[in-house]
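Work through the exercises below with the structure in view. Try each task before reading its solution.

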Amino acid sequence: MNHDTIFSKIITHKIPADIVYQDKYITAFKDIMPKAPVHILIVPNIIIPTVNDVKMCHEPILGKLFTVAAKIAKQHGIHENGYRLIINCNHHAGQEIFHFHMHLLGGKYLGPLIE
Ligand code: AMP
């Protein structure tokens, strides 16, 4: 099955995005419809459609998502006030793009997790 999404095209630079970080394993870029002053998507370069598809072999790359998140938060000066990391899985969580991604949100008080 082909799990290619728009995020694969961003990772391979086939379509433009505001990329703030990229290495061999991870790409991070600004969300096109930001929900906070800082809203960045942190994405593994390999395709994992949802959290349900995570395998033990993915543990190193998924751990690296947090290292990159902390680095980006610091670069954007939001690390001390704080920020929120969100990973949506499937319909009830509102997942729209089926390429595993972590939302990094910050730059203002974010309020309760669920209203
Ligand atoms: P989710 O609902 O967790 O699947 O989140 C998908 C996110 O991808 C949404 O916040 C969208 O605004 C964002 N998004 C969709 N297309 C693009 C794009 N081309 N560039 C940047 N962000 C995008």
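**Exercise 1: the ligand and its shell**

Task: list which residues are closest to the ligand, and give the classes in its shell.

Solution. Step 1: the ligand is surrounded by 16 residues, counting a residue as near if one of its heavy atoms lies within 4 Å. The closest are Asp31, Gly94, Glu96, His101 and His103.

The model is predicted: local features need pLDDT of at least 70 and side-chain atom pairs pLDDT 80 or more, while totals for chains, interfaces and linings use all residues. Numbering starts from 1 along each chain as its sequence is written, and side-chain values use heavy atoms, leaving out hydrogens and water.

Step 2: sort the shell by class. It holds eight nonpolar, five polar and three charged residues. Here Ala, Val, Leu, Ile, Met, Phe, Trp, Tyr, Cys and Pro count as nonpolar, Asp, Glu, Lys and Arg as charged, and the others, Gly among them, as polar.

Step 3: helix 1 gives the largest share of the shell, three residues. Helices are DSSP runs of H or I with at least four residues, strands runs of E with at least two, numbered from the N terminus.

**Exercise 2: contacts through oxygen**

Task: find what lies 2.5 Å, 2.9 Å and 3.0 Å from an oxygen atom of the ligand.

Solution. Step 1: at 2.5 Å there is an N or O atom in the side chain of Asp31. Step 2: at 2.9 Å there is a polar side-chain atom of Asn88. Step 3: at 3.0 Å there is a polar backbone atom of Ile97. Step 4: the ligand taken alone exposes 510 Å², of which the protein buries 88%, by the Shrake-Rupley method with a 1.4 Å probe.

**Exercise 3: helix 1 in the lining**

Task: state how many residues helix 1 gives to the lining of the largest pocket.

Solution. Helix 1 gives the most, with three residues. A pocket is an open set of points on a 1 Å grid over the protein atoms alone, where a 1.4 Å probe fits, with protein on both sides within 12 Å along at least five of seven lines; lining residues have an atom within 4 Å of a point.

Definitions and conventions: Polar contact = N/O pair within 3.5 Å; in protein donor to acceptor, adjacent residues only side chain to side chain.
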